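Hi,

Here is the structure I promised to pass on. Have a look at it first, and my notes follow below.

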Amino acid sequence: MLAIIGGTGLTQLDNLNITKRLIVRTPYGEPSQPLVFGEIEGREVIFLARHGNGHTIPPHEVNYRANISALHMQGVTEIAAIATVGGIHADLAAGVIALPDQIIDYTHGRKNTFYDGISLPVKHIDFTEPYCPHLRAKWLQAATDIGEKIVAYGVYGATQGPRLETAAEINRLERDGATMVGMTGMPEAALARELGISYAAICPVANYAAGRGDSLHGIQYEDVIENLNQTMYRVRNIIAQLVKLNGVKKSGN
Ligand code: HPA
């Protein structure tokens with residue numbers, strides 16, 4: 001079963017034919033919202049808005065463990081995530097959609113493992129390739145099928161937020177090799193890997209990161225949201241195609 005985790009600018013899927021909403025309790029607490037079960041063109045999918053229904057949960061307060069655990073409890077084997085970013089590399093201007101292949105984690109103080117020696121015994125997962133290559137290939141295929149050009153590589157720098165970064169912090173991220181910056185990519189990707197769920201994220205670019213391009217002297221969050229609103233209909237179309245390519249078709253449809 002495929003699940004979609006939507007981020008900023010994507011708190012619901014318009015083209016989803018909703019069949020039920022399910023409140024799930026996990027050993028880690030409740031997920032950001034009841035899970036939304038539905039179909040896109042007869043293919044089943046579960047949707048979860050990472051920041052909750054009304055976008056009320058900031059990145060550092062998201063209960064990532066509850067979200068991933070709840071999806072796992074429902075038999076989810078693949079998670080296609082949407083995570084908004086700021087572009088560090090010059091190619092990543094607002095409106096570009098990126099499919100990163102690497103992560104650098106700068107977050108702190110988040111509950112970032114199931115294997116903490118309390119809930120589950122200590123275990124060290126392989127995370128050399130943080131995103132599932134098969135699911136990345138499907139994201140790319142879905143975009144190509146509908147004629148959307150995406151940047152199919154990049155290094156996602158996961159920052160703590162909720163504030164945006166300083167220009168010097170972005171310089172440092174760039175020196176480290178990060179090409180884009182966002183606040184929600186971790187620990188989500190690692191937690192999915194810990195439970196054996198395929199995970200890959202696409203990243204709509206909402207703005208140039210601090211000190212870059214037209215963000216040289218600052219970033220207006222209203223502009224970020226406006227840019228995202230303009231990009232999200234393209235993201236929705238890619239998601240619909242991904243679900244079509246991937247999802248289980250219900251008999252009779
Ligand atoms: N920094 C961090 N996260 C973001 C940004 C940014 O510039 N834009 C959208 N999400």
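By polar contact I mean a pair of N or O atoms within 3.5 Å; within protein, one must be able to donate a hydrogen and the other to accept it, and residues adjacent in sequence count only if both atoms are side-chain atoms. With that in hand, a nitrogen atom of the ligand lies 2.7 Å from a side-chain N or O atom of Asn207. The protein buries 93% of the 260 Å² that the ligand exposes when taken alone (Shrake-Rupley areas, 1.4 Å probe).

Before the rest, the ground rules. This is a predicted model, where local features need pLDDT of at least 70 and side-chain atom pairs count only at pLDDT 80 or more, while totals for chains, interfaces and linings use all residues. Residues are numbered from 1 along each chain as its sequence is written, and side-chain values use heavy atoms, with hydrogens and water left out.

Back to the ligand. Glu165 also reaches a ligand nitrogen through its side chain, with an N or O atom at 2.8 Å. From Gly86, a backbone N or O atom sits 3.3 Å from a nitrogen of the ligand.

Now the fold. The protein has five helices and 11 strands, taken as DSSP runs (H or I, at least four residues, for helices; E, at least two, for strands) and numbered from the N terminus. The C-alpha trace spans about 55 × 45 × 35 Å along its principal axes.

Some backbone details to check before you set anything up:

- Gly161 and Pro162 are joined by a cis peptide bond, omega about -5 degrees; Pro162 is in the loop between strand S9 (155-158) and helix H3 (167-176).
- Met186 to Pro187 is a cis peptide bond too, with omega near 10 degrees. Pro187 belongs to the loop between S10 and helix H4 (188-194).
- Glu41, a residue other than glycine, has a positive phi, near 45 degrees. Its place is the loop between strands S3 (35-40) and S4 (43-49).

Cheers
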